Amino acid sequence: MAVITISRGAFSLGKIVAEKVAERLHYDVISREILLDASTRFNVPEIKLEKAIHDAPGILERYRHSKQSYVAYIRSALVERIINDNVVYNGLAGHLLIKGLPHVLKVRITANIESRVAIEMERNQIPAQEARILIQEDDKQRLKWTHALYDHDPRDASLYDLCIFIDKLSVDNAVDFICRAAESEAFRATDKNKQKIKDLATACRVKATLVDEFPNIAVTCEYGNVLVYISKDQATGKLIKKLNTIRDNMNDIYHLETHTGVPVPTDAV
Amino acid sequence: MESLTPDMILVMFMIGLAIFLFIVEWVRVDVVAILMMVTLPLLHLVTPKEAFVGLSSNAVVSIIAVIIIGAGLDRTGMINNLVAPVLRIAGKSSSRIIIAISVTVAVISSFMQNIGAAALFLPAIQRISKIQKIPLSRLLMPIGFSAILGGTITLVGCSPLILLNDLLAPFNLKPFGLFDVTPIGLALVASGIGSFVLLGRFILPQGDDKAAGETDSSLSPEKSEPDTDATELFELKTPDDFMDYRDPVFVEDLRRHYLLNVVAITEPPDYNVISPLPDVEVRSGIDLVVCGHKNDVRRMALNEGMHLKDSLDTYKDSLGAQTVGSVEVVVAPRSPFAGKSLEDINFQDRFRVTPLSVYRHEETYRAKIDDIVLQVGDVVNLHGTWNRLKALHKEGGLLFSLPSDMEEMRPEKALWAGLWLIIALVMIMGFKIQLSVALMTGALGMILSRVLTIDEAYQSVDWRTIFLLAGLIPLGIATEKTGAAAWIAHTILSVIGDVSPIVLLTVIGILSTLFTLVISNVGATVLLVPLVVNMAIAAHTDPRMAALVVGLATSNSFMLPTHQVNALYMGPGHYRTVDFIKAGALVSIIFLIVMIAMIGLVYGV
């Protein structure tokens, strides 16, 4: 079966769609749990992780690289959760955090701005103008975040397999489309796809272990063969020690190699 | 002292710009030189004629001729023929081998480009390392340094010295003769070799005698893993149900999954294919031979249900040492393969040999090697039939350590090549004919006597060096013409006050050494010669000696692997930058001391 990520703007009914899809397909829904997982595994306050995945990096953060570390932790926690398939991820940036996996159905849900404003007004008991400003501010933050970390526009339809605009189409229509797509052959979890997700989990674990001290490294993994892409100035004794520790402690790594000054492949984490 | 004029400021800005671009390397050094060649006349700092005078200068014509003569000597296989008698004299002692090969390389380097001599000798040194079981890391650095030092033996040995007389011409100073620098050059070579013989054990990485030439100081933490040589062959048989209920498995899949290179496979009905392409399917009940670590082979056999044979069986004859083998090849300077990945080159499809690994700067790459963009000095381990390796060798661009009888040479032309070299030298020494004319006669002679064809001669010329030289010459002219050189020289002298000639020459030597480490030796020479000549004149020191110090000290480039020769030998020698700093610092200090002492001794400064 498949892994489904549902990306959406605030109050775009994505959460309801995700829950209904999961109910119909008997999948698990995950969202904020991954922040808790990451917080526990990497000993980082949950609030910092939440800010990291929502707010665009400030000027200082661009130099401190703390956001990269937090995002690497969240990604690692997310991939560990989806490793057994049959999951609907309803949190932020799923389509970017688990890119490169063929059997992940990436869905974007958007709703009419007026209906979004109405939901926000009702939920928070605020006037229309204030609700509109809050929604626009939230959309802006997500746009900046995706730009800063992935150089993408979240509104770009080519990032998704399915984009659904809930206006004339209802939530139930959206659920129908998503379920039919998830059951198609293209999103079947074959042995190859399962191996890919296992490899991605390994790469994410290695990256999460290194990212704090070496923020600009990139990692790939294929069949347990891990490649760490580094720049010339990062080739230090400290990195060798760290890589030795990783290799000794992670059983699913067969081979670990560093590539210096080699162009980083697009599927690297 | 003349006051600072706008033209002087403009020239100094252009010098600063050139140095800046040399250091940051946003564009290649020769492009910087062309930029100078074009910008200086646009700024009216030199006339259009002066801007391009470098292209017809003696220095540029001489260097073209030297390159062609070097290529001619290479074609005859004289270099390889020299190795055997040299080794006989040297015996088995590693010190004697280092001395013998270093002296030979230095002598050859004195008549051809240093990088050319170094590249020519690399395969021979690799063979010596394997035969005599001496780690390559103990041999290459002394020999590489000797190639650089050998460039100081004659006035045509290296670009800065070739350039020297042209740079002295505007000052009406007496030009240097071909062998005027020889005593100093020989002393420098002797001191360099001496340092390695006496102190080699302290300054050179010692490597492992058992695995000569295969020392591994890889950054990749896999030192405990290899239980076998990565070039060992294993034959396996796939089970009869290998293809049942599964996606097709291709040769490429086995490489990506288990880091094993399939070097032979049976294709239906029963063809034994050597070096199969990555898209060949692995079928049921067939034999295949893989190359790699035994651990990985065992893992693959277990996971895929293959039977690992005790030794080569089906392929015992077709993969015999007479037919196939593995070689280490080095990406040569100016190689068409440099800057491209194996995938870009379509390497396996074109040459039908299997790349096993790539070694670069202390790292052995085994995974995803097709994506690695090759650089000069990279060592690629290849496996294939000797015939296909030979065909690849003919393509050029890769320095092979093949059995010597496989190299495509024209030994019957060796006498002609030697004769034309002697004729050129006699014309210079006996008849005092200008360097460029005499050397070009030698080059033409080699073409007429078919040592090499005119096309081969054209192809051998390194246009980067030519434009680097020709493009920087107008910068030297502008520095002198505008009075900027004199102004800088007087300013420096007014700061440091009166100094003795020896101190001044030492300071110039140190300055040139530092410049050559960060910008090219040619750039350092062109910028410094007008400056130091003015300084020497003002300080009442012999200006020719000041220029000579620059010409020699710009070869004092040992501390960093920035010199082309060091960059070329770094990969095969498995050296780290720290190895160059350690050995290079000592050789650089000895170089400066010996150079100043010899100039004092020979020229009585």
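The legends below describe close-up views of a predicted model. Local features require pLDDT of at least 70 and side-chain atom pairs count only at pLDDT 80 or more, whereas totals for chains, interfaces and linings use all residues, and side-chain values use heavy atoms, with hydrogens and water left out. Residues are numbered from 1 along each chain as its sequence is written, with chains lettered from A and ligands numbered from 1 in the order in which they are written.

**View 1. Chain B as a whole.** Chain B has 25 helices and ten strands, taken as DSSP runs (helices H or I, at least four residues; strands E, at least two) numbered from the N terminus. Of its 605 residues, 58% are buried, that is, under 20% relative accessible area with a 1.4 Å probe and protein chains only. The accessible surface of chain B, about 24300 Å², belongs for 61% to carbon and sulfur atoms, as computed by the Shrake-Rupley method with a 1.4 Å probe.

**View 2. An open sheet of five strands in chain B.** The strand order is E3-E2-E4-E1-E5, with antiparallel pairing, where two strands pair if DSSP finds at least two bridges between them. Strand E3 (271–274) and strand E5 (307–308) of chain B are the edge strands, each pairing on one side only. Strand E2 (residues 261–267) and strand E4 (residues 287–291) of chain B run antiparallel and are joined by four bridges, and Val262(B) stands opposite Val290(B) in E4(B).

**View 3. Aromatic pairs.** Over all chains there are twelve aromatic pairs, counted for rings of Phe, Tyr and Trp (its six-membered ring) with centres within 6.5 Å, where planes under 30 degrees apart are stacked, over 60 edge-to-face and the rest tilted. Phe42(A) and Tyr73(A) are stacked, because their ring centres lie 4.4 Å apart with the planes at 10°. Since Phe42(A) lies in helix H2 (residues 33–42) and Tyr73(A) in helix H5 (residues 66–82) of chain A, the pair ties together parts 31 residues apart in sequence. Phe337(B) and Phe347(B), with centres 6.4 Å apart and planes at 75°, are therefore edge-to-face, and both residues are buried. Elsewhere, ring pairs link Phe145(B), Phe196(B), Phe558(B), Tyr575(B), Phe580(B) and Phe591(B) into a cluster.

**View 4. Charges over rings.** A charge sits over a ring if NZ of Lys or CZ of Arg is within 6 Å of the ring centre and within 35 degrees of the ring normal. Arg299(B) lies over the face of Tyr254(A), at 3.7 Å from the ring centre, while the charged end of Arg544(B) sits over the ring of Phe176(B), 4.2 Å from its centre.

Note on methods
Buried < 20%, exposed > 50% of the residue type's maximum accessible area, 1.4 Å probe, protein only.
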